[in-house]
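Here's a short tour of a protein chain for someone new to reading structures. Keep the picture open as you read, and look up each residue as it comes along.

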Amino acid sequence: MVFISEITYTTSCNFLKEKLPEHFHNVRLGIICGSGLGGLVDTIEQSSKVEFLYGDIPGFVTSTVSGHSGKLVFGYLGDSRTPTVFMVGRIHLYEGYSPQQCTFPVRVMKLLGVQTLVVTNACGALNPEFKVGDLMVINDHLSLAAVTAENPLIGPNLDTFGPRFPPVSDAYTYALRKLAFRAAFETGIAKDDIREGVYTYSSGPMYESRSEARFLKSIGADVVGMSTVHEVIVARHAGMQVLGLSLITNPVVVARGKDAKKEVMTEMGIETVVDDGVDTELIKANHEEVLEASARRADDLQRMMTRFADLWAKEQ
Ligand code: HPA
């Protein structure tokens with residue numbers, strides 16, 4: 001395994017600082033825009049905007065997924081004109097990158113001054129009460145990969161960022177979760193359209209099998225995505241406060257599916273057995289549906305995030 005050294009992070013940060021105007025040398029708010037949510041950067045004060053393609057920044061790998069274009073954007077967000085850095089397009093494990101490569105930008109954000117990181121994502125609902133289009137403030141995460149073997153902190157500890165054994169039992173800052181709900185209600189999001197719950201992830205890129213989905217649901221996850229957790233681990237290790245926000249773009253198939261044996265026995269007259277299984281062919285997840293659902297809710301989420309930035313700035 002190849003681990004990224006401290007100098008690589010500082011080189012990247014220095015490259016950005018050389019090119020950035022003075023007022024972005026100490027940005028304190030960072031936002032990672034999930035699938036289809038990059039439109040948030042269109043709401044920032046356009047004259048203040050400074051952009052870098054990932055491919056031009058030393059140490060960054062490029063994002064290869066449609067709907068995630070891959071640029072780091074600096075700008076003023078909201079009425080408070082909060083200097084903010086946005087990752088438009090995140091780096092995923094399923095693109096073939098290591099957890100450290102995926103989270104490289106998070107540590108660079110830390111070096112740029114970011115104290116609060118907002119991670120947004122699209123996800124599927126395991127909890128049957130959650131509907132497509134609902135938002136979910138992440139209360140906690142559940143990472144089978146991080147618990148067992150694969151996480152970005154494996155390797156030599158970089159003490160300048162944080163300790164060898166960081167806790168993540170408080171990963172999602174309570175005060176920020178409260179601010180998120182306040183921002184949602186103040187911008188007109190109905191109380192039944194925003195939830196709080198547990199996020200889990202699979203490496204992807206395939207969506208879960210039905211049994212995997214039932215398993216994840218049974219161990220306590222409300223939603224499942226393909227990202228976020230490793231970014232949060234790195235951010236918490238470096239002492240940043242974190243807000244996680246999920247947009248539910250599809251129900252996850254947890255039904256058992258049709259029973260082939262029962263159907264054949266009935267067809268052949270061996271025995272008539274009623275099959276109440278669901279035809280799961282009809283409810284498969286797909287990337288287009290995820291992008292469509294994100295697009296439908298993007299404006300609300302953008303309004304909420306802008307309000308969140310203003311509430312956050314007031315408390316600094
Ligand atoms: N599973 C995993 N990741 C996702 C999903 C899903 O159903 N929807 C959006 N991202």
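## Salt bridges

Let's start with a pair of charged side chains: Glu51 and Lys49 meet in a salt bridge, with 3.5 Å from N to O. This is a predicted model, by the way. How exposed are the two partners? Glu51 has a relative accessibility of 38%, so it counts as partly exposed. Lys49 is partly exposed too, with a relative accessible area of 23%.

Another one links Lys191 to Asp192, where the closest N and O atoms are 3.5 Å apart. Here Lys191 is exposed, because its relative accessible area is 60% and the cut-off for exposed is over 50%. Asp192, at 48%, counts as partly exposed.

Now find Arg303 and Asp300, which form a salt bridge with their closest N and O atoms 2.6 Å apart. Why are they separated by about one helical turn? It's because they sit three residues apart in helix H8, which covers residues 287-315. Arg303 is partly exposed at 44% relative accessibility, and Asp300 is partly exposed at 22%. This pair belongs to a network: salt bridges with shared partners join Lys131, Asp134, Asp193, Arg195, Arg297, Asp300 and Arg303.

Next, look for strand E4, residues 82-88. Is it enclosed or open? Six of its seven residues are buried, so the rest of the structure largely encloses it.

E4 has a parallel partner in strand E1 (residues 29-33), and five bridges join the two. One spot to check is Gly30, whose bridge partner in E4 is Val85. Strand E3 (residues 71-77) pairs with E4 as well, this time in the antiparallel sense and over seven bridges. There, Lys71 has Val88 as its bridge partner in E4. E3 and E4 make a hairpin with four residues between them, and Gly78 in the turn has a positive phi of about 75°. As a bit of background, side chains in a regular strand alternate between the two faces of the sheet.

His230 lies in helix H6, residues 229-237. Its relative accessibility is 2%, so it counts as buried. Leaving out residues up to four places away in sequence, His230 touches Ile91, Leu93, Pro99, Cys102, Thr103, Pro152 and Tyr201.

Ser98 is in the loop between E4 and helix H2 (99-111), and it is partly exposed at 23% relative accessible area. Phe3 turns up in the segment before helix H1 (6-19) and is partly exposed, with a relative accessible area of 34%. Together with Met1 and Ile154, Phe3 forms a nonpolar patch on the surface, with about 330 Å² of accessible area in total.

## The whole chain

Zoom out, and the secondary structure comes to eight helices and nine strands. The radius of gyration is 21 Å, close to the 20 Å that the globule rule gives for 316 residues, so the chain is as compact as a globular protein of that length. Along its principal axes, the C-alpha trace spans about 80 × 45 × 35 Å.

Buried residues make up 53% of the 316. The accessible surface comes to about 14,200 Å², and 53% of that belongs to carbon and sulfur atoms. Among contacts between residues at least 6 apart in sequence, 82% join residues at least 24 apart.

Conventions:
Residues numbered from 1 in each chain as written. Predicted model: local features only at pLDDT ≥ 70, side-chain atom pairs only at ≥ 80, totals over all residues. Heavy atoms only, no water. Patch = residues over 30% accessible without salt bridge, like charges linked within 9 Å, V, L, I, M, F, W, Y side chains within 5 Å. Areas by Shrake-Rupley, 256 points an atom, 1.4 Å probe, with all protein chains shown as cover. Salt bridge = Lys/Arg side-chain N within 4 Å of Asp/Glu carboxyl O. Buried < 20%, exposed > 50% of the residue type's maximum accessible area, 1.4 Å probe, protein only. Pairing = 2+ DSSP bridges. Rg over C-alpha atoms; globule rule 2.2 N^0.38 Å. Contact = heavy atoms within 4.5 Å.
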